[in-house]
There are 2 protein chains.
Amino acid sequence: MAATRPSNPLALAVLVLLWERPMHPYEMSSTLRERRKEDSIKLNYGSLYSVVESLRKRGLIEAAETVREGRRPERTVYAITDIGAQVMVDWLVELLSTPKKEFTQFEAALSLAGALPPEQVTELLGQRLRNLRFHQKAVEAVFEEARTVKLPRLFMIEAEFSAALLTAEIAFVEQLLGELRAGSLGGFALWQRMHELRRAGVPPEEIDAKLDAEFADELAFARDEST
Amino acid sequence: MAATRPSNPLALAVLVLLWERPMHPYEMSSTLRERRKEDSIKLNYGSLYSVVESLRKRGLIEAAETVREGRRPERTVYAITDIGAQVMVDWLVELLSTPKKEFTQFEAALSLAGALPPEQVTELLGQRLRNLRFHQKAVEAVFEEARTVKLPRLFMIEAEFSAALLTAEIAFVEQLLGELRAGSLGGFALWQRMHELRRAGVPPEEIDAKLDAEFADELAFARDEST
DNA sequence: AGGCGAATACTCGAAGTCGAGTATTCGAGA
DNA sequence: TCTCGAATACTCGACTTCGAGTATTCGCCT
């Protein structure tokens, strides 16, 4: 059996932490928090403990000892196994070298935005833009702070990546908003008309027929798609 | 009880489809496929049926009729309810107007990349860059095709968004690769030395101590963090 | 006429996700 | 010395996710 692994990236974080040195679950979570890794890896207690258990069952990590410090409850300290170290490397290699489609909520929302009327979508994207810019300022403040305490950039690459995506999203929304406000986005009139008809209470099939007639040219693509 | 909703965006897609007109689950999946929405919304059969059931239990959709066409098995046709339509609107409003952190695998991998030696990470990111560029060409070909069949841009905004993120990622990886190859990324030497010591079999605590001594200036930030 | 691959239409159960809840202990201040 | 909030260290179970498997039928090709 090829060594399988859990799908949650938190499991990879656990492997990396145990590759550094043995520790117990709660220490993993606090270490991740200290290093600001919770910004890039979703951390939640339930998942942490179940992920640790899942790694143990697969033989990627093992319980090293159970210690009791002061009068705190007992804690199980885990260590990485040789197979675990190998899986960690393979996993990192795959994630770094091979891009794979990541589904985002915003992309889903964009693809379904047609269900709201164009005016409302314009308004909502305006709000989003304001929120994004506000967020960007906060992120820049964090970078500024990092520079003043001389934190080496190595420890923040993931934050820089996420900031780069944020900048790209801002540019995209700005551009889209411009086209929406100008009404110049291809298909805009069709979209508007569809909502007009719905508001008027026209039933679905009739809407389809009317739009098909009124926007014959714009909907031409749909007719010869039977290839 | 405030109308709750499933968390899977596929449920939003179901609401939108049923807002257009009643249909049965299999038709939902084929409609989504025809419209290329599976590129922006993760579609999988298991999830589809359980999401439909979950929407039904919450009263956001309801079974309208069960039909049997030809000698095909029976199918349940669902319709959206008034509450369902409201939830659909609220959900779209939230997703479009309010950005929320999306965790990506690559961001997680970047934040844990320190567990591989710098030379290997450089090599892997080189591979990634080649893959990303290849993928970008394919995406551009799709856009080209869309232009020739005159598909209105409205129907592809989500694809344009995803392409914008792809471009941003390429730029980021190019930039990062440059700094890695030049060895100019802050913390690079520290990272290299850490792996050197590990290869030499030095135990964790000693590595920490040595690095702390050798890179006192670069690690200064860590010492006065006890605020 | 009949065979076979593509499309239709789901089902199932193992695995994973999540946040709220619980119980304890430490330490700063009144 | 007492208290109270923050930190420590998990547990629980309801809900989701997922992909592989199943069973049928349509329609083209020979």
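Contact, as the word is used here for one part covering another, means that heavy atoms lie within 4.5 Å. The model is a predicted one, and the values below were computed from it.

## Helix α6 of chain B and its cover

Helix α6 of chain B runs over residues 118–148, and its 31 residues reach 45 Å from the first C-alpha to the last, which is close to the 45 Å expected at 1.5 Å a residue. Just after α6(B), B:Lys150 takes a positive phi of about 60°.

## Helix α5 of chain A

In helix α5 of chain A (residues 105–112), seven of the eight residues are buried, so this helix is largely enclosed by the rest of the structure. The buried residues of α5(A) are A:Phe106, A:Glu107, A:Ala108, A:Ala109, A:Leu110, A:Ser111 and A:Leu112.

Both chains contribute to the cover of α5(A): among the covering elements are α6 (118–148) and α7 of chain A, together with α1, α4 (82–97) and α7 of chain B.

## Glu169 in each chain

B:Glu169 is found in helix α7 of chain B, where its relative accessibility of 12% makes it count as buried, because the cut-off for that class is under 20%. Apart from residues up to four places away in sequence, B:Glu169 touches B:Phe106, B:Arg128 and B:Leu132, as well as A:Phe161 from chain A. B:Thr66 lies 103 residues from B:Glu169 in sequence, and the C-alpha atoms of the two are 47 Å apart in space.

A:Glu169 lies in helix α7 of chain A and is buried, with a relative accessible area of 13%. When its neighbours within four places in sequence are left aside, A:Glu169 is in contact with A:Phe106, A:Arg128 and A:Leu132, and also with B:Phe161 of chain B.

## Salt bridges

A search of the whole structure finds 26 salt bridges over all chains. In one of them, A:Lys37 pairs with A:Glu158, and the closest N and O atoms are 3.0 Å apart. A:Lys37 lies in the loop between α2 and α3 (45–57) of chain A, whereas A:Glu158 lies in helix α7 (residues 157–182) of chain A, so the pair ties together parts that are 121 residues apart in sequence. Both A:Lys37 and A:Glu158 are buried.

In chain B, the side chains of B:Arg35 and B:Glu20 meet in a salt bridge with an N to O distance of 2.8 Å. This pair links distant parts of the chain, since B:Arg35 sits in the loop between α2 (25–34) and α3 (45–57) of chain B and B:Glu20 in helix α1 (residues 9–20), 15 residues apart. B:Arg35 counts as partly exposed at 37% relative accessibility, and B:Glu20 is partly exposed with a relative accessible area of 24%. A further salt bridge joins the side chains of B:Glu160 and B:Arg153 at 2.7 Å, N to O; B:Glu160 is partly exposed at 22%, and B:Arg153 is partly exposed at 30%. Salt bridges that share partners also join A:Arg153, A:Glu160 and B:Glu179 into one network.

## Domains and surface of chain A

Chain A is divided into domain 1 (9–97) and domain 2 (105–221), and the centres of these two domains, taken over C-alpha atoms, are separated by 38 Å. A:Gly178, which lies in helix α7 of chain A, counts as partly exposed at 40% relative accessibility. The C-alpha atoms of A:Gly178 and A:Ser30 are separated by 44 Å, and the two residues are 148 residues apart along the chain.

Technical notes. Residues are numbered from 1 along each chain as its sequence is written. Chains are lettered from A and ligands numbered from 1 in the order in which they are written. This is a predicted model: local features need pLDDT of at least 70, side-chain atom pairs count only at pLDDT 80 or more; totals for chains, interfaces and linings use all residues. Side-chain values use heavy atoms; hydrogens and water are left out. Helices (H or I, at least four residues) and strands (E, at least two) are DSSP runs, numbered from the N terminus. The expected span of a helix is 1.5 Å times one less than its number of residues. Domain bounds come from an automatic or database domain assignment. A salt bridge is a side-chain nitrogen of Lys or Arg within 4 Å of a carboxyl oxygen of Asp or Glu. Buried means under 20% relative accessible area, exposed over 50%, partly exposed in between (1.4 Å probe, protein chains only).
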